[in-house]
Amino acid sequence: MNKQQISEELVTRWGNTTISDGFQPVPHRLLRHQADLGITDPQMMVLLNVLDFWWKTERRPFPSALSIGRRIGASERTVRRHLSALQRKGYVVKQKNSERDKTEFDLTGLIHRLTAIVLERGAAN
């Protein structure tokens with residue numbers, strides 16, 4: 001499917017009103033291997049919200065814990081706890097961007113681990 005076909009399919013499925021603000025591309029394997037990655041459901045919700053801020057490959061996402069908390073109905077402290085757990089697992093690295101005075105999230109660890117799991121289990125999984 002090309003970009004136009006994907007857009008048309010999404011509009012057909014979700015309707016113009018709900019899709020007009022954009023959508024989030026997430027690899028199916030991230031969801032399929034959530035348990036293999038050891039990511040809890042609340043951690044996945046936080047992670048999906050971080051990913052929602054990753055618009056360009058070369059620019060890391062930089063949402064605040066407060067903004068994620070507002071989206072998912074959790075306190076800022078709870079979101080920080082889930083982000084810390086993802087950091088301990090090596091999936092998220094927080095980096096300070098002095099130019100923008102923002103904390104960015106590097107997801108390279110998550111990508112590498114998910115890739116390794118897929119290769120270990122075979123492409124069918």
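Q: What makes up the accessible surface of the protein chain in this predicted model?
A: The accessible surface comes to about 8500 Å² in this predicted model, and carbon and sulfur atoms hold 52% of that area.

Q: How many of the residues count as buried, and what does a residue need to count as buried?
A: Of the 125 residues, 30% count as buried. The label applies to a residue with under 20% relative accessible area.

Q: What are the elements of the chain, and in which order do they run?
A: There are 8 helices and 2 strands. Starting at the N terminus, the order is α-α-α-α-α-α-α-β-β-α.

Q: Why are H6 and H7 called roughly perpendicular?
A: Let's set the value against the cut-off. Helix H6 (residues 65–72) packs against helix H7 (residues 76–88) at an angle of about 110°. Angles of 65 to 115 degrees count as roughly perpendicular, and H6 and H7 are therefore roughly perpendicular to each other. Their axes lie 8 Å apart.

Q: Which residues make the contact of H6 with H7?
A: H6 brings Ala65, Leu66, Ile68, Gly69 and Ile72, while H7 brings Glu76, Val79 and Arg80. A contact here needs heavy atoms within 4.5 Å.

Q: What share of the contacts with a separation of 6 or more comes from residues 24 or more positions apart?
A: Such residues account for 50% of those contacts. As for the extent of the chain, its C-alpha trace spans about 40 × 35 × 30 Å along the principal axes.

How values were computed. Residues are numbered from 1 along each chain as its sequence is written. This is a predicted model: local features need pLDDT of at least 70, side-chain atom pairs count only at pLDDT 80 or more; totals for chains, interfaces and linings use all residues. Side-chain values use heavy atoms; hydrogens and water are left out. Axes are lines fitted to C-alpha atoms, for helices over the stretch in contact, and angles run from 0 to 180 degrees between N-to-C directions. Helices (H or I, at least four residues) and strands (E, at least two) are DSSP runs, numbered from the N terminus. Angles under 35 degrees count as roughly parallel, over 145 as roughly antiparallel, 65 to 115 as roughly perpendicular and the rest as oblique. Buried means under 20% relative accessible area, exposed over 50%, partly exposed in between (1.4 Å probe, protein chains only). Accessible areas come from the Shrake-Rupley method with a 1.4 Å probe; for residues, only the protein chains shown count as cover.
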